[in-house]
Amino acid sequence: MKVGLVQFCVGPDPKVNAKHLETLVSEAIGKGCTFVLTPEASNIIQPDRSALNRAVGSAEDDPVFQMAQRVAGQNKVFICLGSLLVQGGAAGKLVNRQILLDPSGAIINSYDKIHLFDVSIGDGQHYGESEIFSPGDEAILSALPDHPATLGHTICYDLRFPQLHQTLAMAGANVLLVPAAFTQITGRAHWHTLLRARAIETGAWVLASGTCGEHAGERRTYGHSCIINPWGEIVAEIASETEEGLIVHELDFDQVSAARQAIPALENARTFNLPSSL
């Protein structure tokens with residue numbers, strides 16, 4: 001299965017982002033990709049909460065969703081929107097939603113980000129996602145029809161929680177999706193290490209598509225979109241914090257079997273108890 005990962009600088013206008021993203025997705029399709037992954041927040045990055053709420057609506061009304069649905073159907077490819085920020089959360093909040101489209105443009109599955117990024121990391125900005133978004137509470141798998149891939153859905157900060165990825169792999173995932181908008185500070189420190197660790201622990205392919213550059217509100221994201229093989233090796237990367245573009249790779253699922261046979265960590269995992277004194 002030939003996959004394409006898109007990296008781009010998301011702006012504050014979903015209509016502009018849709019046009020920009022269509023060019024990159026079309027480039028991936030032109031290179032023979034049958035599956036295309038976009039970054040987290042592909043429709044908008046807007047730290048002003050009032051402006052964000054005014055700019056977004058339902059997923060079905062979003063310009064990026066409508067573009068992806070049309071392009072998937074016209075070209076008979078799978079497109080996974082790494083996430084869209086859309087209305088639909090509890091108590092009037094938004095959701096950070098990943099959407100997988102089949103080659104007719106129909107929705108196969110969607111996943112709402114479970115782990116929300118509530119941190120202050122010393123860059124002068126506070127990231128309080130739970131103040132804006134409702135978290136998801138369900139891990140999601142998607143088997144691609146007529147393909148060997150079973151996808152495990154995650155988004156950005158989920159990467160720091162290995163239990164989610166191990167649970168997905170134990171349930172059958174052989175590809176883990178990690179679309180992200182990692183900050184430059186955390187990306188420089190942790191991005192590659194975390195991605196490689198998740199691949200090594202699960203013996204799965206890891207597809208990590210990232211936003212890059214400077215966004216509204218002077219927010220900067222790390223880019224460095226990567227494809228990691230089941231042995232934990234980086235086999236493709238856009239090695240830049242600012243460069244937009246595309247990486248393409250053919251996934252070999254025999255490598256999943258080989259990695260899991262060599263180190264059967266998923267089979268060897270055991271449950272355990274903590275002593276009551278802890």
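Visitor: Is tyrosine 157 buried or exposed, and what relative accessibility does it have?

Guide: Keep in mind that we're looking at a predicted model. Tyrosine 157 has 17% relative accessibility, so it counts as buried, the cut-off for that being under 20%.

Visitor: Okay. How many aromatic pairs does the structure hold?

Guide: Four. Take phenylalanine 117 and tyrosine 157: their ring centres sit 5.1 Å apart with the planes at 65°, so this pair is edge-to-face. The cut-off you need there is planes over 60 degrees apart.

Visitor: Where do phenylalanine 117 and tyrosine 157 lie?

Guide: Both are in loops. Phenylalanine 117 belongs to the loop between strand S5 (107-112) and strand S6 (118-120), while tyrosine 157 is in the loop between strand S9 (150-153) and helix H4 (162-170), so the pair ties together parts that are 40 residues apart in sequence.

Visitor: What are the ring distance and plane angle for tyrosine 157 and phenylalanine 161?

Guide: The centres are 5.2 Å apart and the planes stand at 90°, so that pair is edge-to-face too. Phenylalanine 161 has 28% relative accessibility, so it counts as partly exposed. Put together, Phe117, Tyr127, Tyr157 and Phe161 form one aromatic cluster.

Visitor: Let's move on to charges. How many salt bridges does a search of the whole structure find?

Guide: First, the idea: side chains of opposite charge can pair when their charged atoms come close. Here the search finds nine salt bridges. One of them links glutamate 129 to lysine 113, with the closest N and O atoms 3.0 Å apart. Glutamate 129 is in the loop between strand S7 (126-128) and strand S8 (141-143), and lysine 113 is in the loop between S5 and S6, so the bridge ties together parts that are 16 residues apart in sequence. Both glutamate 129 and lysine 113 are buried.

Visitor: And which residue does glutamate 241 form a salt bridge with?

Guide: Arginine 188, with the closest N and O atoms 2.7 Å apart. Glutamate 241 lies in the loop between strand S15 (234-237) and strand S16 (245-250), and arginine 188 is in helix H5 (residues 184-202), so this pair ties together parts that are 53 residues apart in sequence. Glutamate 241 counts as buried at 18% relative accessibility, but arginine 188 is exposed at 54%.

Visitor: What about glutamate 214: which arginine does it bridge to?

Guide: Arginine 220, the closest N and O atoms being 2.9 Å apart. Glutamate 214 is partly exposed, with a relative accessible area of 43%, and arginine 220 is partly exposed at 39%. Elsewhere, salt bridges that share partners join Glu40, Lys113 and Glu129 into one network.

Visitor: How do strand S4 and S5 run, and how many bridges join them?

Guide: They run antiparallel, joined by five bridges. Glutamine 98 stands opposite tyrosine 111 in S5. S4 and S5 make a hairpin with five residues between them, and glycine 105 in the turn has a positive phi of about 90°.

Visitor: Last one: which residues have the most contacts inside the largest nonpolar core?

Guide: In soluble globular proteins, nonpolar side chains tend to be buried together. In this model, the largest nonpolar core has 37 residues, and Val6, Val25 and Ile79 have the most contacts inside it. Helix H1 (14-30), helix H3 (63-75), strand S3 (78-87) and S4 each give two or more residues to this core. Leaving aside residues up to four places away in sequence, valine 25 touches Val6, Val36, Thr38, Val71 and Ile79.

Definitions and conventions: Residues numbered from 1 in each chain as written. Predicted model: local features only at pLDDT ≥ 70, side-chain atom pairs only at ≥ 80, totals over all residues. Heavy atoms only, no water. Phe/Tyr/Trp six-rings, centres within 6.5 Å; stacked < 30°, edge-to-face > 60°. Helix = DSSP H or I, 4+ residues; strand = E, 2+ residues; numbered from the N terminus. Buried < 20%, exposed > 50% of the residue type's maximum accessible area, 1.4 Å probe, protein only. Salt bridge = Lys/Arg side-chain N within 4 Å of Asp/Glu carboxyl O. Pairing = 2+ DSSP bridges. Core = buried A, V, L, I, M, F, W, Y, C linked by side-chain atoms within 4.5 Å. Contact = heavy atoms within 4.5 Å.
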